Amino acid sequence: MPRTTLRSAATGQLEPMPKPSGAKLCKRVGHVELYQHGPNRFTVVYGLQIKRGLTYNSAATEFGACIMHEVACEGELNNA
């Protein structure tokens, strides 16, 4: 189950995870999300990791690496 809340340092209360504002969700694969803000402007979200200000090429690399990591953590890859 994806983590959808964070504990606020200020209040100690659980709050919704921040999502990129003004961005379009292009694709979700497992817990990995790809957002587009405009031409050649992307964000990749994976768990608590948010990588902003990515170009097409860097977003493609990051998105793929996050998917591979998730699949490896699920034990679906044979890395021996």
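Guide: Before we start, one term: buried means under 20% relative accessible area, exposed means over 50%, and partly exposed is in between (1.4 Å probe, protein chains only). By that rule Phe42, at 8% relative accessibility, counts as buried.

Visitor: OK, and what kind of model is this?

Guide: It's a predicted model, where local features need pLDDT of at least 70, side-chain atom pairs count only at pLDDT 80 or more, and totals for chains, interfaces and linings use all residues. Residues are numbered from 1 along each chain as its sequence is written, and side-chain values use heavy atoms, with hydrogens and water left out.

Visitor: New topic. How many salt bridges are there?

Guide: Two, counting a side-chain nitrogen of Lys or Arg within 4 Å of a carboxyl oxygen of Asp or Glu. One joins Lys51 and Glu62, with the closest N and O atoms 3.6 Å apart. Lys51 sits in strand E6 (residues 49-54) and Glu62 in helix H1 (residues 56-73), so this pair ties together parts that are eleven residues apart in sequence. Lys51 is partly exposed at 34%, whereas Glu62 is buried at 16% relative accessible area.

Visitor: What about Glu33, which partner does it have?

Guide: Glu33 forms a salt bridge with Arg28, and their closest N and O atoms are 3.0 Å apart. Glu33 is buried, with a relative accessible area of 7%, while Arg28 is partly exposed at 49%.

Visitor: Last one: how do E3 and E4 pair?

Guide: Strand E3 (residues 24-29) and strand E4 (residues 32-38) run antiparallel and share five bridges; for strands to pair, DSSP has to find at least two bridges between them. Lys24, for instance, has Gln36 in E4 as its bridge partner.

Visitor: What's between the strands in that hairpin?

Guide: Two residues, and in this hairpin of E3 and E4 Gly30 takes a positive phi near 60 degrees.

Terms used
Helix = DSSP H or I, 4+ residues; strand = E, 2+ residues; numbered from the N terminus.
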